[in-house]
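Open the model in your viewer and keep the selection tool at hand. This tour goes stop by stop, from the whole chain to single residues.

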Amino acid sequence: METNFSAPQRQSPIGVLVMFFDTLQQWARGLWPVLVVWIFKFDEINKGYLFLGTITVLLAIGLVAYLKYLNFTFYLDNENEEFIINEGVFNKTKTAIQLNKIQQVNINQSLIQRLIGVYELDVDTAGSTKKEGKIKAVSHQLALALKTHLLDNEKSKTVSEEENKPITDSIIDNQPFIKISFLSLLKVGVTSNYIKSIGLILAFFVTMYENGKNFMRNSDFDEKKFDAYIDKSLAVQSIVIIVVLMLCAILVINLIRVIVKYFNFKITRQSGSLLLSYGLLNAKSTIIKPEKVQITTVTRNYFQKKMNILELKIKQATSGEKEERKSALEIPGCNEQERDEILKLLFHKIPEKGVMLKPNFRKLVFSIFLSIVVPLTGFFALANYAVPELLEFAYLTPIYIIFVGLVVYFGFRNNRLFVNDNFIIKQSGAWDIDNEILEPGKIQAITTSQLFWHKKANIGSITIHTAGGNVAFKLGDYAKIKQYVNLWLYEIETSDSNWM
């Protein structure tokens, strides 16, 4: 069945409900002071006026939602090769997106959209911190057809070919060639994101501790009697229980996050691209075009290696660090065979590590100075001259030195830059080992630096800038770095790859 997008179209009629809830959320954010007053003075407010006011507000929101639906249209301008979106209630706006500038098209489905039976389509281009086009309520088949039209655009095609290109069921019904099993998600959940979970849990306990201290300080609570009542052995047992509970909480948080976010993860080949579909509550569908990929990161730690799983992160063109983190597409729980299939589709071959560049030992010394010497110096200075109570925790110093020292050492040992004719691979990490893969032809700019006291030792640093983020390698052999920089600059000038 052919789908013609040259004529303006509206969203699904039932999408008015999506507009209603979206407008309700926006008004609630703007009127939250009024809502707070209503809640705290509920008994003093005339119930009749409250009921009439609520009905009036809901009717106004419904009217605005209907006008949003009525004024929202989208279509393809084949003559100018643009995707046009018209929207607005009082202030009408027209957004024109060049088809050859479209970087990514996502199909998402929130819980409300799932209950109603519609999907949201987001259009993203490089160079902006937000989605340029967003259609909140269309059918799944229409969303897939429109996505295919937007991403399959090529300059070499004529206008008539683009207008009459059929969207067949075979494109929509491709069978997934990779499915991430529930067992793999469980493995990822128990072997990843320890630092984030520990940070959240520590923040929770610190908040509870501070609130407890404030409560005892502001009340008639006698701390001396409390200390006398508490048995020392009971305190030790409590600490052990808290540590065990923290470890259990870390596992539970990771499991819930991974399962909810990546449930039913499928990867499908679609016209030479990758179609990613996943999500339990908020379903998402994203297409990755190999020529648009900037940096591909393969991440693995010791436990994941033993379980034969790994994680992939794929970065496309973004407009900043914040947007870079949000736009990184993650593929969790792959095995080595599935990783190789994905890398072959993205790069047409499996990237291999070439010549290895190591950082100078000065990097290890400098890291030890920053992460151990400076913090401990500050700690003891503060304890001796300002807060003597901190000396009670001085016994933790050897533990800190051993832990941070091991992290710094393994981070230095794993810090490598591998270069061959087709790929640059940056390896880093102390526990989670990351291998960032990029192609020289997709480099935007290169920055090299050398401090004057490093000239004699012939060491320097390099930062490779791409549209998907930066890759830095510090304190390596500067003579070799400059040789590779000249080679990469030549490849940038002669490359004809269409990665934007």
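How much accessible surface does the protein chain have, and what share of it belongs to carbon and sulfur atoms? The surface comes to about 28,700 Å², and 62% of it belongs to carbon and sulfur atoms. Accessible areas come from the Shrake-Rupley method with a 1.4 Å probe, and for residues only the protein chains shown count as cover.

Two notes before you select anything. This is a predicted model, where local features need pLDDT of at least 70, side-chain atom pairs count only at pLDDT 80 or more, and totals for chains, interfaces and linings use all residues. Residues are numbered from 1 along each chain as its sequence is written, and side-chain values use heavy atoms, with hydrogens and water left out.

**Whole chain**

Show the chain as a cartoon. It holds 17 helices and 20 strands. Helices (H or I, at least four residues) and strands (E, at least two) are DSSP runs, numbered from the N terminus. Of the 500 residues, 39% are buried. Buried means under 20% relative accessible area, exposed over 50%, and partly exposed in between (1.4 Å probe, protein chains only). Now think about contacts, meaning heavy atoms within 4.5 Å. Among contacts between residues at least 6 apart in sequence, 59% join residues at least 24 apart.

**Stop 1: the sheet of three strands**

Select β1, β2 and β3. They form an open sheet in the order β1-β2-β3, with antiparallel pairing. Two strands pair if DSSP finds at least two bridges between them. β1 (73-77) and β3 (93-98) stand at the edges with a single partner strand each, so one side of each has no neighbour in the sheet. Neighbouring strands here are turned by 20° against each other on average, direction ignored. Axes are lines fitted to C-alpha atoms, for helices over the stretch in contact, and angles run from 0 to 180 degrees between N-to-C directions.

Zoom in on β1 and β2 (residues 82-87). Five bridges join this antiparallel pair. Pick Asp-77: its bridge partner in β2 is Glu-82.

Click Leu-144, which lies in α5. Leu-144 is buried, at 8% relative accessible area. Then find Leu-121, 23 residues away along the chain; the two C-alpha atoms are separated by 9.0 Å.

**Stop 2: the sheet of seven strands**

Select β11 to β17. This open sheet runs in the order β13-β12-β11-β17-β16-β15-β14, with antiparallel pairing. Which strands stand at its edges? They are β13 (329-334) and β14 (355-357); each has a single partner strand, so one side of each is left without a neighbour in the sheet. Neighbouring strands are turned by 20° against each other on average, direction ignored.

Now focus on β17 (residues 433-438). With β11 (residues 295-300) it runs antiparallel, joined by five bridges. Thr-296 has Ile-437 as its bridge partner in β17. Val-298 stands opposite Asn-435. β16 (residues 424-428) also pairs with β17, antiparallel and over five bridges. Here Ile-425 stands opposite Ile-437. Look at the hairpin of β16 and β17: four residues lie between the strands, and Gly-429 takes a positive phi near 115°.

**Stop 3: single residues**

Asn-414 is buried, with a relative accessible area of 13%. Beyond residues up to four places away in sequence, it touches Gln-427, Ser-428, Gly-429, Ala-430 and Ile-433.

Go on to Glu-491 in helix α17 (residues 478-494). Glu-491 is buried yet has no salt bridge, defined as a side-chain nitrogen of Lys or Arg within 4 Å of a carboxyl oxygen of Asp or Glu. The nearest side chain of opposite charge is Lys-349, 11 Å away. Lys and Arg count as positive, Asp and Glu as negative; His and the chain ends are not counted. Leaving out residues up to four places away in sequence, Glu-491 touches Asp-421, Pro-440 and Gly-441.

Finish with two asparagines. Most residues other than glycine have a negative phi. Asn-264 has a positive phi of about 55°. Asn-264 lies in the loop between α11 (232-262) and β8 (266-270), and is partly exposed at 42% relative accessibility. Asn-308 has a positive phi of about 60°. Look for Asn-308 in the loop between α12 (302-306) and β12; its relative accessible area is 37%, partly exposed.
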